[in-house]
Amino acid sequence: MRKFSGRESNRNAAMVFVLLVTAWIQPWRLLAQNTPPTAPQPATGIKYSAINPDEMKEWLTYLASDQLQGRQIFTEGFGLAAQYVADHLRQWGVKPLASDGTYFQPVKLKGYRVTRNSTVTVEVNGQAKTFKHGDHVTFPVNGGGSQSLTFSSVEFVGYGQPNDFQGRDLKDKLVVTIPNLAPAPAAAQRGRGAAPEPVVPATSAATPAVAVAVPIVPVANTPRGGGARGGAAGAIAIGAKATIGFTATPAAPGAAEQALTQAQTALAQANAAVAQAQQALRGGGVAGAGRGAAQGAAGRGGQAAAPADITTVQRVDGIVTPQFTGDETFFEALFDGGSAKFADILATARRGEPIAPITLPAKVTINIDNTFVVLNEQISHNVVGIIEGTDPVLKDTYVMFGAHLDHVGYSQTGAGRGGGTDACRRRSPAAQAAVVAAGKTVQRPTAVGQGGAGARAAAPQVPAVPLDQRDLVSNGADDDGSGSTAELAIAKAFATGPKPKRSIVFMWHTGEEAGLYGSRYNADFPIVPLEKVQAQLNLDMVGRDDCDNIEGDYSNSLFIIGDDRISTDLHNLIVAANNTSARPLTLDYEMNDLNDPESVYTRSDHYSYASKGIPIAFFTTGLHPDYHRITDTVDKIIFPKMARIAQLVYETGFSLANTDRVLLRDNKGPRTGFASKPEIIPR
């Protein structure tokens with residue numbers, strides 16, 4: 001499971017709420033021509049294969065061994081793990097699914113230079129003015145493919161908080177907001193919200209961008225599940241077709257800032273000169289001068305490659321809801337002819353006082369025009385296999401199983417951290433109170449009403465022992481060696497046992513720890529048509545007890561996240577399947593709660609498929625003291641429990657695949673959370 005990132009959490013939270021709009025933008029195409037009105041139920045009369053915990057221990061002992069070096073993406077260790085999984089699939093008769101007839105689906109991480117030619121034209125009282133990117137407006141680098149949108153009016157909704165949206169029809173509208181610009185104490189006293197989610201800023205020419213993988217979120221394909229929210233995400237969630245936020249013109253740089261910029265420019269020029277001189281000493285001379293000539297940005301002896309504006313595994317040319325910012329000049333043009341002057345609005349925002357929403361008479365045309373040039377590319381692979389269904393029609397539809405095969409690698413200096421309860425998960429105030437009431441101690445307390453990082457121990461010192469005596473490898477036995485092993489067990493169960501009507505797709509994702517690379521890639525470049533996928537079931541960290549039972553008894557617990565958000569039917573099927581088990585697990589929904597500070601719904605591979613409207617269920621046993629530590633080792637895995645979890649997921653997936661009934665995608669968001677019981681939710 002990915003580490004929690006506050007900045008990405010904000011971006012992901014925005015995506016969660018935006019996806020609510022998908023229900024009316026892109027109605028789901030049913031997978032069967034004549035869908036029965038009743039929901040899928042647990043299969044009956046099936047002699048299921050039995051998951052073997054001893055086999056799981058054998059497989060995980062290898063996957064979590066030092067030999068695999070922590071299975072980090074783009075490393076030899078990950079390649080060994082991928083080949084190990086593929087060898088077992090071949091042995092069991094699971095068919096390869098990659099386009100080249102192998103078990104390895106290429107996942108391409110590309111860095112792009114983006115040229116933003118987008119414009120916005122504002123027409124008021126017959127007078128039109130066009131603003132280009134960089135001319136009082138800033139469009140994001142991940143602005144997507146070409147499109148043109150025209151609006152006959154503008155909905156200005158003040159600070160863009162949920163109560164500002166009330167009573168206003170924003171569907172298919174252009175929504176404009178301004179952040180609360182009052183000093184923090186005044187803003188807090190008045191209870192007004194903060195600025196809406198920021199658009200990814202333009203890359204400054206003076207400050208080269210670091211290549212960061214940025215999720216590309218198409219308009220109709222952002223993850224479902226959420227409630228009331230403000231800002232751009234909230235506006236889009238209730239139907240807005242584009243949003244514009246206000247950003248003040250930066251103050252002119254002072255003497256010190258100018259001096260720093262000049263020094264940085266001089267340093268860059270000096271580095272370039274040194275690189276050219278080194279190339280000349282090697283006999284390279286000028287480009288094109290024969291052997292040893294400069295080989296371009298990434299070539300031997302050449303200059304360092306220019307940084308990419310955006311690095312991603314996703315499509316960059318998909319249609320994305322326009323979201324950009326404008327400064328005072330742009331907003332003055334937008335408000336010209338309206339009932340309020342922007343200068344007055346700006347003054348009110350700086351005081352943090354309430355601003356009433358108004359409709360502006362401006363006609364606005366937005367033209368999104370980006371060009372993307374690939375600068376660099378790295379390739380990893382998902383491991384993919386398929387077991388074909390038995391029904392001649394339904395075999396062209398699918399149930400997908402997933403886990404991530406990668407982990408975080410190893411420390412070259414042996415500075416990896418040992419276990420500690422500061423690696424356990426954070427809890428909501430209500431959950432913390434329950435821990436205390438049970439006579440336990442909360443390991444990572446957070447302030448009431450806050451989702452902060454919680455208490456963290458100081459980073460440990462490097463062990464005072466020689467390097468060759470230090471533990472270098474983060475083995476990732478639970479994260480996500482356990483999920484990968486459980487998926488292997490499920491694959492063997494399907495391969496050697498009864499076959500369902502629909503086809504079963506198995507995928508061991510790469511690069512989850514780096515940014516959901518494998519699943520994001522497959523969601524945009526799918527190995528099978530996503531419109532034919534019944535559901536995706538994700539296993540991530542299923543081998544331990546939450547926080548080693550320090551905060552309560554989790555010895556029989558399995559956390560379920562996301563199963564009710566897109567399809568109530570999926571939630572109900574899991575509950576029913578568990579109830580039919582000889583030893584039912586205790587299904588826990590605390591981490592599905594909207595107020596859960598860990599936001600695990602956004603942190604594993606199922607999230608990429610939820611972004612496409614596919615019903616998902618995320619199975620996990622929670623975090624523990626060894627999460628992302630060198631102490632996450634195979635000797636701490638509880639194999640009998642892990643086998644029971646794999647059995648439940650296997651039987652749930654079989655039931656989904658063995659019926660012509662289709663999960664109803666009702667998109668009602670999370671209805672379960674802290675203290676919820678595992679009960680059937682009425683349709």
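**Salt bridges and cores in a predicted model**

Q: What makes the pair Arg427 and Glu590 a salt bridge?
A: In this predicted model, the side chains of Arg427 and Glu590 meet at 3.4 Å, N to O, and because a salt bridge requires a side-chain nitrogen of Lys or Arg within 4 Å of a carboxyl oxygen of Asp or Glu, the pair qualifies. The two residues belong to distant parts of the chain, 163 residues apart, with Arg427 in the loop between strand 15 and helix 11, and Glu590 in the loop between strand 19 and helix 16.

Q: Why is Arg427 called buried?
A: The relative accessible area of Arg427 is 2%, and since buried means under 20%, Arg427 counts as buried; Glu590, at 4%, is buried as well.

Q: Which residues are linked with Arg427 in a network of salt bridges?
A: The network joins Arg427 to Arg425, Asp546, Glu551 and Glu590.

Q: How do you know that Asp569 is buried or exposed?
A: Asp569 has 2% relative accessibility, which is under the 20% limit, so Asp569 is buried. Its salt-bridge partner Arg683, with the closest N and O atoms 2.7 Å apart, has 44% relative accessibility, and because this lies between 20% and 50%, Arg683 is called partly exposed.

Q: Which residues have the most contacts inside the largest nonpolar core?
A: They are Met56, Val383 and Phe506, in a core of 64 residues, to which helix 17 (residues 639–657) gives the most, with 11 residues. Beyond its neighbours within four places in sequence, Met56 is in contact with residues including Phe639, Met642, Ala643 and Ala646.

Notes. Residues numbered from 1 in each chain as written. Predicted model: local features only at pLDDT ≥ 70, side-chain atom pairs only at ≥ 80, totals over all residues. Heavy atoms only, no water. Core = buried A, V, L, I, M, F, W, Y, C linked by side-chain atoms within 4.5 Å. Buried < 20%, exposed > 50% of the residue type's maximum accessible area, 1.4 Å probe, protein only. Helix = DSSP H or I, 4+ residues; strand = E, 2+ residues; numbered from the N terminus. Contact = heavy atoms within 4.5 Å.
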